[in-house]
Amino acid sequence: MPSTPPADRDLVRALCERVLEQNWREGTMPTGTPFAYTCPSPGHYPWQWYWDSCFTAIAWRHFDRERSRRELESLLAAQRADGFIGHTIFWDRPLTGARRFTYNVVSRDAPMTSSIQPPMLAWAWSQAVGDPALEPRIARHLEWLAEHRDLDGDGLLWIVQPDESGLDASPQFDPIWRHRAHGLPGFVGLVARNRRLGYELDAIDRAGGPVCCEVTTNVLYNLSRLSLRRPSLTQALIDRCYDERRGLFMPVARPAPRGTTAATIAALTPLALPDLPDEIGRRLIEEHLMQPSRFWSPVPPASVSLEDPSFSVRDTGYLHQLRYWRGPTWINAAWLCWIGLERLGYRQQAAELGRRLAATILRSGLREYYHPFTGTGMGSIDFGWSALILQMF
């Protein structure tokens with residue numbers, strides 16, 4: 001299978017550099033704290049989002065490693081004394097308007113949300129900056145997570161809302177949060193309840209939950225732990241989340257959901273783990289990722305299996321509200337799968353994945369996500385983490 005031609009690579013690289021440069025924000029707070037980050041997209045996403053910054057820091061390494069460092073150091077600059085870092089940091093633009101009802105803040109003047117995103121900071125630091133073990137604030141961040149988000153002592157993290165996974169309205173959450181899933185009217189009530197409980201896992205679990213041990217969240221957390229040379233959680237993830245019958249990783253929730261959980265791209269993200277057993281990884285690739293009837297759409301990989309009843313190319317609900325991760329293709333998820341293809345020796349397939357996505361970006365630009373059949377750009381424009389295409393060359 002052909003790889004991306006050099007001329008096309010140069011065009012993609014120039015596009016990525018332009019968007020990253022355009023989206024760069026920096027300044028100094030009245031307290032004297034400097035900040036610098038890549039806003040995900042002008043307009044809709046003006047603030048610093050945790051996992052977006054981690055992904056864009058990895059992309060910045062292709063142009064300016066100092067910006068990679070400054071991006072991640074801004075996350076650490078927002079860190080509380082106990083190690084917590086929120087999902088979204090508002091810096092010099094306070095939270096206003098309708099978002100005050102759906103963002104996970106506990107007060108009107110909160111400097112950041114009280115919810116988490118997939119904790120990949122240490123891994124991003126290792127990819128773009130250097131050894132995260134030399135930065136003690138990163139270790140403190142992981143210690144907060146271990147203390148506050150490990151529900152039963154096996155090391156895996158639990159989330160209290162679907163958006164803490166970064167996968168928002170993914171149909172894997174439909175049977176868990178049901179009418180309170182992200183993008184449905186009941187989500188506002190879920191946010192209000194969790195605000196009252198301070199986004200504390202134990203309190204929310206005692207109140208009836210739901211709480212969820214989600215796969216992608218724990219994949220990225222485990223990659224961070226491995227970057228700090230801490231014991232791997234891969235076997236714990238297999239023991240808790242791997243469905244041998246389906247050959248997929250599935251979320252676990254309390255209370256236990258009724259019905260069948262959708263086959264989504266989250267089920268394949270353990271491919272990014274360097275110590276995932278080969279037989280499991282090959283099954284993920286051969287039975288699922290590479291199957292045109294499942295995830296290998298013309299612009300792969302779809303974020304939901306094409307044969308799953310929940311698959312849809314629509315990104316809005318009946319009230320025209322945005323509902324993400326229900327079918328279209330996202331570059332960050334594609335890269336996590338690409339890592340597994342490379343590690344397990346599927347070099348031609350990895351090259352083909354990079355080629356198709358690069359061609360899509362040349363046609364449609366750096367978009368938030370893409371139509372899995374036509375490659376039409378969807379969601380926000382000039383989206384920073386789609387510059388991760390550079391990792392797939």
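Helices and strands here are DSSP runs, helices of at least four residues and strands of at least two, numbered from the N terminus. On that numbering, P301 falls in the loop between α12 and α13. The model is predicted.

**Exercise 1. Helix α14**

Task: Compare the span of α14 with the expected one, and find which elements its buried residues pack against.

Solution. 
- Step 1. α14 covers residues 347-364, which is 18 residues.
- Step 2. From first C-alpha to last, α14 reaches 26 Å, close to the 26 Å expected at 1.5 Å a residue.
- Step 3. The buried residues of α14 are A350, E352, L353, G354, L357, A358, T360 and I361.
- Step 4. These buried residues pack against α1 (6-22), α13 (331-343) and β9 (369-370).
- Step 5. Just after the helix, G365 adopts a positive phi of about 85 degrees.

**Exercise 2. Salt bridges across the sequence**

Task: For the pairs R230 and E143, R326 and D174, and R294 and E307, place each partner and give its accessibility.

Solution. 
- Step 1. Side chains of opposite charge can pair when their charged atoms come close. The structure holds 20 salt bridges.
- Step 2. R230 and E143 meet at 3.8 Å, N to O. R230 lies in the loop between α10 (215-227) and α11 (234-241) and E143 in helix α6 (residues 136-149), so this pair ties together parts 87 residues apart in sequence.
- Step 3. R230 counts as partly exposed at 26% relative accessibility, and E143 counts as partly exposed at 44%.
- Step 4. R326 and D174 form a salt bridge in which the closest N and O atoms are 2.8 Å apart. R326 is in the loop between α12 (278-289) and α13, while D174 is in helix α7 (residues 174-177), so the parts joined are 152 residues apart in sequence.
- Step 5. R326 is buried, with a relative accessible area of 12%, whereas D174 is partly exposed at 25%.
- Step 6. R294 and E307 form a salt bridge, with 2.7 Å between the closest N and O atoms. R294 and E307 both lie in the loop between α12 and α13, so the pair ties together parts 13 residues apart in sequence.
- Step 7. R294 is partly exposed at 24% relative accessible area, and E307 is partly exposed at 47%.
- Step 8. Beyond these pairs, D152, D154 and R240 are linked in a network of salt bridges.

**Exercise 3. The largest pocket**

Task: Give the volume of the largest pocket, and describe what lines the pocket.

Solution. 
- Step 1. The volume of the largest pocket is about 710 Å³.
- Step 2. The lining has 32 residues, of which T102, Y103, D168, H182 and Y324 are the closest to the centre of the pocket.
- Step 3. At least two lining residues come from each of α2 (50-60), α4 (99-102) and α8 (186-196).
- Step 4. By class, the lining divides into 16 nonpolar, eleven polar and five charged residues.

Methods: Residues are numbered from 1 along each chain as its sequence is written. This is a predicted model: local features need pLDDT of at least 70, side-chain atom pairs count only at pLDDT 80 or more; totals for chains, interfaces and linings use all residues. Side-chain values use heavy atoms; hydrogens and water are left out. The expected span of a helix is 1.5 Å times one less than its number of residues. Buried means under 20% relative accessible area, exposed over 50%, partly exposed in between (1.4 Å probe, protein chains only). Contact means heavy atoms within 4.5 Å. On a 1 Å grid over the protein atoms alone, a cavity is a set of points where a 1.4 Å probe fits but cannot get out, and a pocket is an open set with protein on both sides within 12 Å along at least five of seven lines; lining residues have an atom within 4 Å of a point. Grid points are joined across faces, edges and corners, and a volume is the space filled by probe spheres set on the points. Ala, Val, Leu, Ile, Met, Phe, Trp, Tyr, Cys and Pro count as nonpolar, Asp, Glu, Lys and Arg as charged, and the others, Gly among them, as polar. A salt bridge is a side-chain nitrogen of Lys or Arg within 4 Å of a carboxyl oxygen of Asp or Glu.
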